[in-house]
Amino acid sequence: MGPQSLHGLFGWTDILKKKLWRLRTRTKVKINVILTDGLVEDPSVAQAQGLMEVKYIQTQDGESLNDALIRNRICINRENPVVNTKHKYFYQVQQQMYVTNRHWSDFVVKGSQSTGIFCQRIKFSREFWNETLENLQAFYDTWIAPELAYPRVKYGLSKYDYRSE
C-alpha cells in the first residue's frame with residue numbers, strides 16, 4: 001500500500017465519520033451503525049471476504065509506532081506487537097465480524113508522527129464472542145431493561161440494583 005493510497009484510506013474514513021456525525025446531529029435521530037472501515041477481499045484465503053478496521057493514533061516526538069501501540073495498550077509485546085485481547089479495539093473488531101458474518105479483519109494502525117503502519121489479521125473467535133455476548137445480555141437484563149421499564153435515573157433517582165431480589 002503506497003503513501004497516496006494510505007492517505008486516501010485515512011481521509012475516506014474521516015470523511016465518512018464526519019458525514020455520519022452531521023447526519024445524526026442534523027436529524028436528531030440516533031443512528032445505530034456498526035461502522036467498519038472497509039469490506040475487503042483476500043483471494044489467497046478460503047474465506048475470501050473480510051473487514052478492515054483502520055485507526056490513526058497520536059505518537060509523541062521521536063516515539064516509534066510500536067512504542068505508541070504499547071503505551072496505549074493497543075498491543076502487547078514491544079518486539080513483536082500483537083493486538084491486546086483486552087483492549088476495546090479488539091472487542092470492536094470482534095463485534096463487527098459477528099454482525100457482518102465475516103471470519104477475519106485486518107486491523108491497521110498509523111501513527112501521527114511515525115512513518116510505518118501496523119497491520120494484523122484478527123480472526124473471529126466464536127468462544128470469545130459467546131462469552132462477551134453472555135456478559136452483554138446479563139448487563140442489559142440487570143441494568144438497562146429495568147431502567148427502561150421503571151425509569152429512575154431519568155428522574156434523578158438512584159439506580160436500583162434488581163439483582164438483590
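1. A word on terms before the details: helices here are DSSP runs of H or I with at least four residues, strands are E runs of at least two, and both are numbered from the N terminus. With that in hand, L133 sits in helix α4. Please keep in mind that this is a predicted model.

2. On the overall layout, the protein chain has 4 helices and 6 strands. Read from the N terminus, their order is α-β-β-α-β-β-α-β-β-α.

3. Among contacts with a separation of 6 or more, 50% are between residues 24 or more positions apart.

4. Two helices, α3 (88–100) and α4 (126–149), each supply at least two of the patch residues.

5. Back to L133: is this residue buried, exposed or partly exposed? L133 has a relative accessible area of 32%, so it counts as partly exposed, since that class lies between 20% and 50%.

6. Finally, N84 is placed in the loop between β4 (82–83) and α3. N84 counts as buried because its relative accessibility is 15%, and the cut-off for buried is under 20%. Leaving aside residues up to four places away in sequence, N84 touches R73, I74, C75, I76 and F90.

Key: Residues numbered from 1 in each chain as written. Predicted model: local features only at pLDDT ≥ 70, side-chain atom pairs only at ≥ 80, totals over all residues. Heavy atoms only, no water. Buried < 20%, exposed > 50% of the residue type's maximum accessible area, 1.4 Å probe, protein only. Contact = heavy atoms within 4.5 Å.
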